[in-house]
Amino acid sequence: MNKKIVTHDPYTGEINPYYEELTGERNPLLEEMRRKEEEEEEFGEFGKSSSHEARFEGTNFSPEDGVDLILNFLAWELPITARYIDAGMVREWIAKTYNV
């Protein structure tokens, strides 16, 4: 009877520490995790290089572009804010508060 050796615990997501010992092969999830960590290091969460120099690069965003980025981020990360953003309430508050 051939049983499949799992790469990870399906309930906790924890990597199977015995995978390589049981199969003779490196756990493919380890390579996938390493690659993902490298990408996050290289590009940061928003897909732009997260190097020190990149943090201080100039941008060609207008204030309105910045407001749009912030509102999109809020709507995505905090869905409860989406209804206020859609109603224009948050944009109105930002415009009044920061003269944008």
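**Figure 1. Contacts along the chain of the predicted model.** Of the contacts (heavy atoms within 4.5 Å) between residues at least 6 apart in sequence, 11% join residues at least 24 apart. The model is predicted, so local features need pLDDT of at least 70 and side-chain atom pairs count only at pLDDT 80 or more, while totals for chains, interfaces and linings use all residues. Residues are numbered from 1 along each chain as its sequence is written, and side-chain values use heavy atoms, without hydrogens and water.

**Figure 2. Secondary structure and surface of the protein.** The protein has 6 helices and 0 strands, where helices (H or I, at least four residues) and strands (E, at least two) are DSSP runs numbered from the N terminus. The order of elements from the N terminus is α-α-α-α-α-α.

Figure 3. Helix 4 covers residues 63-77 and includes Ala 75. Ala 75 counts as partly exposed because its relative accessibility is 27% (buried is under 20% relative accessible area, exposed over 50%, partly exposed in between; 1.4 Å probe, protein chains only). Apart from neighbours within four places in sequence, Ala 75 contacts Thr 81, Ala 82 and Ile 85. Asp 86 is 11 residues from Ala 75 along the chain, with 9.0 Å between their C-alpha atoms.
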